[in-house]
Amino acid sequence: MSYLAKNYNRKKISFKYGKGSYLFSTSGKKYLDFVMGISVNSLGHAHPKLVRTIKNQSKKLWHVSNAFQIPEGEKLAKKLCQKTFADYVMFQNSGAEATEAAIKVARKYFYSIGKPNKNRILCIKNSFHGRTLAAIFASGSKKMTEGFGPKISGFDHFVFGDHKSLKKKINKNTAAIMVETILGEGGIKEIPDWCLKELRKLCNKKKILLILDEVQCGVSRSGDFFAFEKSKVKPDIVPIAKGIGGGFPIGAVLMNKKVAQGMTPGSHGSTFGGNPLAMSVGNTVMDIVSSKKFLRNVKKLSKYFLHKLNDIKNKYPNVIKEIRGRGFLLGIQIHGDQAKFIKKLMDNRLLTIRAAENVVRILPPLNVKKKELDKALKIINKVCSELN
Ligand SMILES: *Cc1c(COP(=O)(O)O)cnc(C)c1O
């Protein structure tokens, strides 16, 4: 009997430890882990530098209140700003908190310039911004909001790719458009660069803000530090989380100077957000994953992997419909039973995870080795041949 609430549909497997790209189950089996806590363990399991960081910092200082200066947080914020569009950073503990804080920043900005009625956020229907009350109503998914009413108002929706309805939904009360640069849970759907550019133009024209949720696709997962970088677009606000902690819970909102003016002392806070232990880990992750050499390697290996996945798709067009995504945020859209495909991969010791639209998500650690990718390709190929 389990005393855990039943809000997850858990597989009957648990793990004793992890090392690099591998997980070792309590029953003694070794799995290639291409879930990585859903895009969280960016450097794999038990990375020596992260272990060292936690060990050293845990002997010094874990937590102090944000009533005091936190040098480790100053350091990480500086690195994030120097690498990106951002001028300021606000630390949280999770993705949902970061997206909610992003919404707060947008609303408070318009309030601070005397336009408090500009407070509505326009989002993609059935996107994913987390599981808090505001975030589920921002996502606008029936499945996630059912039973959790009353509805949190302030969100409007448009259908992915429907530019006409997007333009129509902007009104005088719209404060911001908030979208994931690459929809993760939604099925690894990329917003093309030209669309991001048009979005930016539209936001400028309507004098509203652009929020790009990079909680899943950000922090080098896409092959660039941010997935939007390739488009040269500069958003106003970007929530991040998952990858930046490498497994330690960290969330953050990055923002430009203009919108930051609303965030006056006392306007927002988080007890745990940005504590010294979390920030030390964040600094170590950031130093590794944001280096040019590291990113070059992510790009090179992920391109190779994507190419090989497409080869498998071409070999088994009856099994695989499409290969989606870029960097190490990839999806195999299959024709058949998604759960069965994932189970078969797992029986062959490769862990993957579902996404919407019958997509099997593949999320290797960013420091995955080529021979591990080849091993995964072999397993995927084998499962496809069995299902063909
Ligand atoms: C996972 C995710 C979130 C929510 O993050 P949590 O840490 O689970 O709260 C928000 N936005 C996107 C795009 C995500 O993938």
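Guide: Let's begin with what counts as a pair: two strands pair if DSSP finds at least two bridges between them. The elements themselves are DSSP runs, numbered from the N terminus: helices are H or I with at least four residues, and strands are E with at least two. This is a predicted model, so local features need pLDDT of at least 70 and side-chain atom pairs count only at pLDDT 80 or more, while totals for chains, interfaces and linings use all residues. Numbering starts from 1 along each chain as its sequence is written, and side-chain values use heavy atoms, with hydrogens and water left out.

Now to the part itself. Strand β3 (residues 30–33) runs parallel to β15, and two bridges link them. Across that pairing, Asp 33 sits opposite Leu 351 in β15. Both strands belong to an open sheet of four, ordered β1-β2-β3-β15, in which the pairing is mixed. Its edges are β1 (15–19) and β15 (350–351); each has a single partner strand, so one side of each has no neighbour in the sheet.

There's another open sheet of four strands, ordered β13-β14-β17-β16, and here the pairing is antiparallel. β13 (320–326) and β16 (353–355) are the edge strands, pairing on one side only. On average, neighbouring strands in this sheet are turned by 30 degrees against each other, direction ignored. Angles here run from 0 to 180 degrees between N-to-C directions, and axes are lines fitted to C-alpha atoms, for helices over the stretch in contact. Zoom in on β13 and you'll find six bridges to the antiparallel strand β14 (residues 329–334). As a landmark, Gly 325 is opposite Leu 330 in β14.

Helix α11 (residues 292–315) packs on this sheet, touching β13, β14 and β17 (359–362), and its direction makes about 170 degrees with that of β13. Touching, or contact, means heavy atoms within 4.5 Å.

α11 has a helix to pack against as well. Two packed helices are described by the angle between their axes and the distance between the axes. The axes of α11 and α13 come within 10 Å and cross at roughly 15 degrees. That makes α11 roughly parallel to α13 (angles under 35 degrees count as roughly parallel, over 145 as roughly antiparallel, 65 to 115 as roughly perpendicular and the rest as oblique). On the α11 side the contact involves Leu 301, Tyr 304, Phe 305, Lys 308, Leu 309, Ile 312 and Lys 315, while α13 brings residues including Leu 373, Leu 377, Ile 380 and Cys 384. By class, this α11–α13 contact has ten nonpolar residues, one polar and four charged. (Ala, Val, Leu, Ile, Met, Phe, Trp, Tyr, Cys and Pro count as nonpolar; Asp, Glu, Lys and Arg as charged; the others, Gly among them, as polar.) The crossing of α11 past α13 is right-handed: a crossing is left-handed if the near helix is turned anticlockwise from the far one by less than a right angle, and right-handed if clockwise.

α13 (residues 370–387) also packs with α12 (residues 338–347), at an angle of about 130 degrees and with the axes 10 Å apart. That makes α12 oblique to α13. The α12–α13 contact comprises seven nonpolar, no polar and three charged residues.

Between them, 28 residues of domain 1 are in contact with 28 residues of domain 2.

Gly 149 and Pro 150 are joined by a cis peptide bond, with omega about 5 degrees, and Pro 150 lies in the loop between α6 (142–145) and β6 (155–158). Ser 220, in the loop between β10 (209–213) and β11 (237–240), has a positive phi near 75 degrees despite being a residue other than glycine.
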